[in-house]
Amino acid sequence: MNLSAADRAFLAALSRLAYSNPFTPERIALEAEALGDLYQPQDQFAWSRRGGAAAGERVNVKQLAERAEQVVERLRAAHAGGDRLAPDVLGWYVDAAAYCLYYRHMVPVSDTRLAKVARPTQGAAGALWRDFARDYDHFFGPVGSRLPDMLSPAHLFACLFQIRRAFFAIYDHLLGESRPAAQLRANVWLSIFTHDMRRYRRSLYARMRDLATLVTGPTGAGKELVARAIGLSQYIAFSPERECFTGDGAQAFLPLNLSAMSPTLIESELFGHCRGAFTGATADRVGWFEACPGHGAVFLDEVGELDEQIQVKLLRVLQDRTFNRLGDPRPRVFEGRIIAATNRDLAAQMAHGSFRTDFYYRLCSDRIEAPSLRDHLADRPESFGELVRHIAQRAAGDEADGLADEVQAWADANLPPDYPWPGNIRELEQCVRSVLIRKAYAPPAPRAAPEPDRPAWLDRAHRGELTAAQLLSQYAAAHYARTGSYEQTAAALGLDRRTVRAKVEAAGAG
Ligand SMILES: Nc1ncnc2c1ncn2[C@@H]1O[C@H](COP(=O)(O)OP(=O)(O)OP(=O)(O)O)[C@@H](O)[C@H]1O
């Protein structure tokens with residue numbers, strides 16, 4: 001079949017677009033490339049929630065889908081008429097048809113319907129699935145014999161539905177039109193799907209749970225939101241026989257704030273315990289690692305506060321997925337994904353010996369930094385008004401515009417232009433609520449510069465808990481962390497370089 005140069009260019013761009021990260025500027029550039037003259041310029045460099053415009057209402061997306069439908073139907077008709085598609089055109093056809101399936105069946109699924117369809121009860125996704133499967137046959141039936149690697153309809157359905165879930169989880173919750181905000185959304189997408197969506201759909205979807213994610217950033221900057229978006233967006237297989245998903249996506253995020261609990265309680269929450277394992281353990285208890293399904297995530301909030309003994313147990317979970325209930329010698333298997341967050345400087349904690357190096361490296365194979373509110377405002381001062389509007393919308397519904405204006409006026413009159421917002425977006429939320437109630441907000445009093453973290457090994461040394469060898473290792477490691485040089489550390493400690501190195505390594509492993 002003869003395709004025009006314009007059709008070829010359109011299909012080539014659409015093929016890349018269908019596998020691209022929707023939260024990057026490249027995605028917008030691909031929309032422009034695919035649509036050519038039809039593209040309607042927009043004033044955003046990457047997709048973000050704005051004034052309630054849902055993705056389906058975007059004029060460029062609509063144009064893309066309409067054009068994709070036309071070209072795909074022409075190619076299909078040509079093929080049915082005996083006109084064999086060339087291999088490059090066949091590849092484009094597959095991608096464009098999958099795009100049409102997404103647009104036809106997933107884009108109309110609203111947030112509320114999504115939750116109903118996602119239920120693992122028989123038939124919950126029935127109507128959506130049957131319509132999808134019919135269109136799948138329509139597009140791929142005629143060319144099926146030439147597509148040995150084609151994804152099964154159930155797997156493609158599960159993948160496209162996952163994209164829809166992830167899109168909502170990111171787009172609806174991680175707000176802001178600044179570049180750091182867009183970067184954050186794009187990074188969350190990568191943590192879910194990686195940078196290679198084809199590989200993800202082929203095989204990685206089943207392996208993502210082996211990758212832990214570490215979310216860093218200051219307090220109130222959205223670390224838990226990030227973790228939630230990743231945790232609630234994992235792949236869930238679809239059962240065509242039962243016409244439902246095989247797991248409950250809504251129950252898949254298990255957060256635990258580690259800063260507020262004693263070590264025994266943390267262990268019991270995470271690993272579970274047997275009756276009698278410790279005073280007060282009156283019955284067996286299933287921990288979160290046991291309760292978490294394969295498509296779920298356990299979120300370890302404030303991981304920088306973890307006691308070293310628990311770090312060792314968590315390292316084992318990360319390395320070979322096994323753990324024991326307290327008081328039970330039988331090893332059990334964790335099926336889900338681990339996401340951790342901290343606002344502490346883990347590098348400094350490692351240097352001080354209070355955070356294990358091996359645990360750190362297993363934890364941060366994937367790392368996301370949540371930007372501070374100051375980062376948003378430095379990039380885009382208008383972010384203030386935009387974020388206030390979003391927050392006001394949640395706090396006051398129809399009254400949002402008036403409230404947002406009040407907050408802006410109050411901030412202009414009462415806050416210095418460089419007010420640092422130490423509590424980040426959480427503090428901004430508090431400010432909006434406070435203006436709603438009292439027409440004023442009292443920022444927290446500036447605090448003295450925080451004391452640097454006191455290394456845990458010093459406390460242990462103080463309590464007489466370290467051997468002489470451990471003490472020397474920790475001291476050498478602390479010195480080395482400050483100087484970055486084995487030579488200097490050796491000279492200062494009166495040791496030879498090799499001994500210092502062995503001591504520093506022993507501290508890291510220790
Ligand atoms: N990017 C964002 N978009 C929208 N809301 C945000 C964003 N970042 C933070 N928030 C809001 O700020 C509040 C705090 O967010 P969250 O609990 O995720 O922060 P955190 O970084 O985990 O804080 P902490 O370190 O204190 O636990 C929440 O109410 C959340 O809705």
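**The ligand and the helices**

Author: This is a predicted model, and the shell around the ligand, sorted by class, holds seven nonpolar, six polar and five charged residues.

Reader: Which residues are the closest to the ligand?

Author: Of the 18 residues that surround the ligand, the closest are T219, G222, K223, E224 and I425. The elements that give two or more residues to this shell are helix 10 (223-231) and helix 19 (424-438).

Reader: Why is the ligand said to lie between domain 2 (227-369) and domain 3 (377-438)?

Author: Both domain 2 and domain 3 give residues to the shell around the ligand, and therefore the ligand lies between them.

Reader: What makes helix 1 roughly antiparallel to helix 2?

Author: The axes of helix 1 (residues 5-18) and helix 2 (residues 25-35), which come within 8 Å, cross at roughly 160 degrees. Angles over 145 degrees count as roughly antiparallel, so helix 1 is roughly antiparallel to helix 2. The crossing of these two helices is left-handed.

Reader: Why are helix 1 and helix 3 called oblique to each other?

Author: The axes of helix 1 and helix 3 (residues 59-80) come within 11 Å and cross at roughly 120 degrees. Because 65 to 115 degrees counts as roughly perpendicular and only angles over 145 as roughly antiparallel, helix 1 and helix 3 are oblique to each other. Helix 1 passes helix 3 in a left-handed crossing.

Technical notes. Residues are numbered from 1 along each chain as its sequence is written. This is a predicted model: local features need pLDDT of at least 70, side-chain atom pairs count only at pLDDT 80 or more; totals for chains, interfaces and linings use all residues. A residue is near a molecule or strand if its C-beta atom, placed from the backbone, lies within 6 Å of it. Helices (H or I, at least four residues) and strands (E, at least two) are DSSP runs, numbered from the N terminus. Ala, Val, Leu, Ile, Met, Phe, Trp, Tyr, Cys and Pro count as nonpolar, Asp, Glu, Lys and Arg as charged, and the others, Gly among them, as polar. Domain bounds come from an automatic or database domain assignment. Axes are lines fitted to C-alpha atoms, for helices over the stretch in contact, and angles run from 0 to 180 degrees between N-to-C directions. Angles under 35 degrees count as roughly parallel, over 145 as roughly antiparallel, 65 to 115 as roughly perpendicular and the rest as oblique. A crossing is left-handed if the near helix is turned anticlockwise from the far one by less than a right angle, and right-handed if clockwise.
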